[in-house]
Amino acid sequence: MNWLTSYVRPRIRALVERGTPKPEVPENLWHQCPSCERMIFHRDLEANQRVCPHCSHHMRVGPEFRFKTLLDEGSWQRLELPKVPVDPLRFRDSKRYTDRLKEAQAKTKAQDALEAAEGRIGGLPVVLAVMNFEFMGGSMGSAVGEAFVAAAERALASRAAFVVVTASGGARMQEGTLSLVQMARTTIAVERVKEAGLPYIVVLTDPTTGGVTASFAMLGDVHIAEPGAVIGFAGARVIEQTIREKLPPGFQKAEYLLAHGMVDMVVHRFQLRATLARLLDLLLRPVPLPAPVEPVVATPAVEPVEPVADGEPG
Amino acid sequence: MSTLLDFEKPIAELEGKVKELRHLQNGSELDLSEEIARLESRAAKLLAATYAKLTAWQKAQVARHPDRPRFKDYVAELVADFTPLAGDRAFADDAAIQGGLGRFRGRSVMVIGQEKGADTEERVRHNFGMARPEGYRKAVRLMRLAERFGLPVLTFVDTPGAHPGIDAEERGQAEAIARSIACCLELEVPIVSVIVGEGGSGGAIALAAADRVLMLEHSIYSVISPEGCAAILWRAAEKAPEAAEALKFTAQDLLGLGLVDEVVPEPLGGAHRGRQTTIRAVGEAIERHLAELSGRDGPALVAARREKFLAMGRPTEG
Ligand SMILES: [Zn+2]
């Protein structure tokens, strides 16, 4: 063996191998629907906005997905969110809270469980805040509360509608009473938006429970729920243990809340963006926009201008 | 003492011996007074030492003590002409939340609070202080009534939490709590809250988003019960003492974190050993805070209240 075979060749091989992914058995090409348990090809699932093509089960999606599917293309940019003191109680159970946070941050590539963007829906200015259930169950601590307050303040500054997509197991226990007071802090943010005459619309997605439901999620001007979403205050298990009875079918599902008067509508994900656009248009454009004037003279012929994407980069 | 907490047993033993000796002393030639005095002083010292360093878990037990003064006791002692008002005007009257008009130190006020009940029958009737939506909606109605007539609102918080049940969910428990918090934060009259026992989660803050939040020395105010937290995070209910410590829910912890405004001292051995003293101390604290708040106009009160809550948990500047 010379240096060529013992050193250079493996190096080259390593370089080549690094460049081309190993032909592994594709693991993530198929997803199983948690509701009907049928297999769905990943591309079909993405094309279907992560709604099961067999049973219409709405799977959980994160902030990036909502920004892309709800805001006018090219109109939006993420908001920079305030930093808060990390782990104020120095909480530790079987794990350190700081370690749980780091794991969640590595998994989601996000700072915490709420992200926000400013953009447009149907051409109207909107601040969109989205909770991420993947981040510690979407639980609300100081970072979520402070991000919510900052997003609402941006809506005030921009005279924009405030739209919030919820997904949360409730308060973040690891922040103790500091997480409890976020219920009051987020409520204050909502009150300010409403007092400024701006619409505050809540989109409730699976699941929205506990302290989030019992504060800003139930204070919307309009409540929209995704089909099948679990929405409630107390967890089903807690209720079952307390009353020692079986829960009625469909208990705490979006349709149950609609029937009990807690949400205005249950809207399929495919119609969500159009519904938001229509609501905002009805609330913010009480007088219809003047109809575009037909050009009377057609000469001279000019090259048609490329239509600009609705909205403009924020 | 009708109910004895586990960690109070050594104190009770000494007190029992004192009683026995006193009994012996009666009609006896022997002079036991020295021995009695010695034991009494030991019992008092032990009580002081125990209560000076209660753990968070022990405080939770004191906060839940059945002999601790409750809403009714505070109203009976501090509020004249109390006139209870009932019902949410939509569904029912919820006995878990009591409220009404009355005079505190001569001035008309609205008093609202959870009532846990004194004995088994009462506890069932008051649902152990766990309110349903109609309870929070009644609270909102009473707060709005107070506002219309410029009356300050006093709330006494003592609840394990909001009632978890099918009926409560059906009638919008979450929405009712959210509206109650919002009402507290919009109210154009002074609102002073005292956490007198157990401040359990959303069911507590529904009445405690106030200008001033006071806590009794051995009361607790938490996002979840130590038992519930232990079951979820430790997956073991017997880890409740550890969870209690970690949650930092004692009055002293929360004062340090800037989440409450004042801690009202309890008599030695807890509020259940000196009910009148406790109630009087609470009354004096409320009076002081009401005096500070009076004379401010509605919008100024609301603005200051909101600023106070928005500042919570933020890094302190300078
Ligand atoms: Zn399916």
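**Reading a two-chain predicted model**

The domain assignment of chain B, whose bounds come from an automatic or database assignment, gives domain 1 (6-53) and domain 2 (60-311).

Student: What should I keep in mind about the model and its numbering before reading further?

Tutor: This is a predicted model, in which local features need pLDDT of at least 70 and side-chain atom pairs count only at pLDDT 80 or more, while totals for chains, interfaces and linings use all residues. Residues are numbered from 1 along each chain as its sequence is written, and chains are lettered from A and ligands numbered from 1 in the order in which they are written.

Student: What separates the centres of domain 1 and domain 2 of chain B?

Tutor: Taken over C-alpha atoms, the centres of these two domains of chain B are 37 Å apart.

Student: Why is strand β5 of chain B described as largely enclosed?

Tutor: A residue is called buried if 20 or more other C-beta atoms, placed from the backbone, lie within 10 Å of its own, exposed if 12 or fewer do, and partly exposed in between. Strands here are DSSP runs of E with at least two residues, and helices are runs of H or I with at least four, numbered from the N terminus. In strand β5 (residues 191-200) of chain B, ten of the ten residues are buried, so the strand is largely enclosed by the rest of the structure.

Student: Which strands are joined to β5(B) by bridges?

Tutor: Two strands pair if DSSP finds at least two bridges between them. Strand β4 (residues 153-159) of chain B runs parallel to β5(B) and is joined to it by six bridges, with T155(B) opposite S193(B). Strand β6 (residues 212-216) of chain B is also parallel to β5(B), through four bridges, and there R212(B) is the bridge partner of V192(B). Strand β7 (residues 220-222) of chain B, again parallel, has three bridges to β5(B), and Y221(B) is the partner of G199(B).

Student: How many residues of each chain are in contact across the two chains?

Tutor: Contact means that two C-beta atoms, placed from the backbone, lie within 7 Å. By that criterion, 43 residues of chain A are in contact with 41 residues of chain B. The largest share of the side of chain A that touches chain B, six residues, comes from α7(A).

Student: Is A236(A) buried, exposed or partly exposed, and what does A236(A) touch?

Tutor: A236(A), found in helix α9 (residues 236-243) of chain A, is partly exposed because 17 other C-beta atoms lie within 10 Å. Leaving aside neighbours within four places in sequence, A236(A) is in contact with L247(A), F251(A) and Q252(A).
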